[in-house]
Structures are given as structure tokens and as C-alpha cells.
Amino acid sequence: MHNGGVPEEIEREERLHVSATAACRHLAAWWELNARDLPWRFGRTTPWGVMVSEVMSQQTQMSRVVPYWESWMAVWPDAAALAVASTAEVITAWGRLGYPRRALRLQECARVVAEEYANELPHTYEELVALPGVGDYTASAVLSFAFGERVAVIDTNIRRVLSRVFLGMESRGGTASRTERELAGRVLPEEMPERDASGSSVIWNQAVMELGATVCTAKAPQCGDCPLRGECAFLAAGLPGLGERRTRPRQRFQGTDRQVRGIILNALRQAAAQAARGVADGRLETGAPGAVPRSQIEQLWPDHVQLDACIASLDEDGLLDMLPDGSLRLPQ
């Protein structure tokens, strides 16, 4: 007890409320002037379009996602359209977004939405997280950004901003801690001075995420341009431990199985595209359409032990077909 008998915990909560209220006001004004004009924002797409954008954006920069999202939605504007696409078409359209299993999980999700929910995304958290490939973050993001629900959205950028501003410390990555989750819920606004009728928490979630992506970055935050610099405990403390991450070293890409898998899939995509052009021109291929002979596959990577292991893993993930003669192609 102190401050005239007010428990310290209550006093801390009151200070957090005051700081969060000021942050809401400043961030709303910043968002209105600085939000990136992404095609799935500002009510310009369907809830399914929001879902696609969230799946594509996992571990991928927004600038890379935009052209893929636009092309994807032009071909498959809803879940029912994606549900009936061939696996080869889906993997090819995913291109170089990385982690192509996401594309197959998204199609599995589309089939469930089309068949069990009459082609409309469900509106509850429990139903969303039950969909293939949908976890806590994606379900929360869809509820907030597509349906305007008041729910805390927690991704890497949001965790970094909230931890710095309100706790005065770095969020070091990994799984969100209990403290970080509780903080996200405590500072989520009830009301916010903004013009968007979809609700204050929607703007808050989007704006905090945007701030983390463009201003409050991991290694080089632009504190002089930050609308929350007046409330930021991390800045006031002198940026202690700036850029600290978990002790696990970052995996190199060169020479990894990820690289080899990508090389194999790229060769299969090119073969599928060439086969499609041949059909359009009236030319017939010998052998299986779109298949890459084993002799060409072996030229893709010098370490054939690693190559075979990656082929096996791609086959297990359903990302390619292994034909009896040893050739490979995208699933038909």
C-alpha cells in the first residue's frame, strides 16, 4: 500500500490505462495519414479475401504479397472457386511466396468453408481455429479485420510495439508469453477517436501492427517519427537491449533443405507451365504432361542424398507426384 492507501497494483493499472488512452489517440491520427494502401484493407475485399491475405503474409513481407494476392483473388475470388482448383494450379499460383504447404492448407480450408459453411467464413473464434491451417493469430486477425470484432490480435510486430511502449523491454520472439497476451488484452481500447465505423479495436490492431512493420522495427526503430514516443517506456529507458533476440541462431538459407525444395518446385512449376502452353498451341508431349525426367531432376542439386530426402519430404507434404519412371510433376 502507498499513495494514501491505494494498492500499488491498482495504481499501476491506472497508469497503464492513462498511457494506453493517450497511445490510442496518437496512433489513430498517425494511422489515418500513414496506413499503407493495401488492396485488402479499408473494406475493399471480402472476409475470404482477408483470410487469403493473412495466410499469404505469414513470414512474408507485405510488399511481396500484394501481386500474388491480386492475381490469386482474380482467379479464385472465394472459397468455392479455390476448392475446385487443381493442386498443380494452386502450387503454381503460390509462386515464390515460400512455405508452399500454406497453399495446400488454404485450399483445404476453402473446401471446408465451401462445403460446410455455404461458402461464407464462420464468424466465431472456435469455428475459425477449427479450419485447416488456421491458428490463433489468423482466427483473431480475421475476426478483427474482416468482422470488426473486439479481439486482441497478437503477432510479432504487435508484441514488439506493446512490449516496448508499455513494459519498457524487448519482446525477444518465440511463443507469446502470458504477460504479452495479458498486456494485449488490457490495452485493447473500448473506444477510440477515429472515423472508421467498424470499431476502435480494429484500427488499434491494424495501426499497432503497421507501426511495428514500418517504424518500430526490430533493429532500427525510427523513434523520432513514432507517434507513441511520448508514451514509450522503452525509449525513456534508453532502448535497453535493442534488437535482442532468442539465443537460437538464425538458420542460413543457402544449402538448406528449404532451398533445395524450392529449386525442385520451381522446376516442376516451369514444366507445368510449358505443358500448358503446349496444350494451348496444340502440341502433344510424350510421356506424362508436365513431368520432369529423373535425369533432369538429378542436375538440380549436386548432393543427391539431400536431393532425394527433399523429394521424399515434398511427396509426403503432397506437393509433388512421383511417377513410376522416376520423373516428377506437380500433383494433378
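In which helix does S144 lie? In this predicted model, where local features need pLDDT of at least 70, side-chain atom pairs count only at pLDDT 80 or more, and totals for chains, interfaces and linings use all residues, S144 is placed in helix α8 (residues 136–145). Residues are numbered from 1 along each chain as its sequence is written, and side-chain values use heavy atoms, with hydrogens and water left out. Helices are DSSP runs (H or I, at least four residues), as strands are (E, at least two), numbered from the N terminus.

S144 has a relative accessible area of 0% and is therefore buried; buried denotes under 20% relative accessible area, exposed over 50%, and partly exposed the range in between (1.4 Å probe, protein chains only). When residues up to four places away in sequence are not counted, S144 touches E149, V151, V153, S201, V202 and N205, contact being defined as heavy atoms within 4.5 Å. Helix α11 spans residues 200–214. This helix of 15 residues reaches 21 Å from its first C-alpha to its last, close to the 21 Å expected at 1.5 Å a residue, where the expected span is 1.5 Å times one less than the number of residues. Because 13 of its 15 residues are buried, α11 is largely enclosed by the rest of the structure.

Aromatic pairs were searched for across the whole structure, and four were found. Rings of Phe, Tyr and Trp (its six-membered ring) pair if their centres lie within 6.5 Å, with planes under 30 degrees apart counted as stacked, over 60 as edge-to-face and the rest as tilted. The ring centres of W31 and F42 are 6.1 Å apart and their planes stand at 50 degrees, so this pair is tilted. It links distant parts of the chain, eleven residues apart, with W31 in helix α1 (residues 8–34) and F42 in the loop between α1 and α2 (47–57). W31 is buried at a relative accessible area of 6%, whereas F42, at 42%, is partly exposed. W40 and W69 form an edge-to-face pair, 5.5 Å centre to centre with 65 degrees between the planes. Since W40 lies in the loop between α1 and α2 and W69 in helix α3 (residues 62–75), the pair ties together parts that are 29 residues apart in sequence. Both W40 and W69 are buried.

The axes of α5 (residues 87–94) and α6 (residues 101–116) come within 9 Å and cross at roughly 130 degrees. Axes are lines fitted to C-alpha atoms, for helices over the stretch in contact, and angles run from 0 to 180 degrees between N-to-C directions. The two helices are therefore oblique to each other, given that angles under 35 degrees count as roughly parallel, over 145 as roughly antiparallel, 65 to 115 as roughly perpendicular and the rest as oblique.

Two residues with positive phi were examined. Most residues other than glycine have a negative phi. Q59, although not a glycine, has a positive phi of about 60 degrees; Q59 is located in the loop between α2 and α3 and is exposed at 67% relative accessibility. Phi of L239 is likewise positive, near 55 degrees. L239 lies in the loop between α12 (233–236) and α13 (257–280) and, at 25% relative accessibility, counts as partly exposed.
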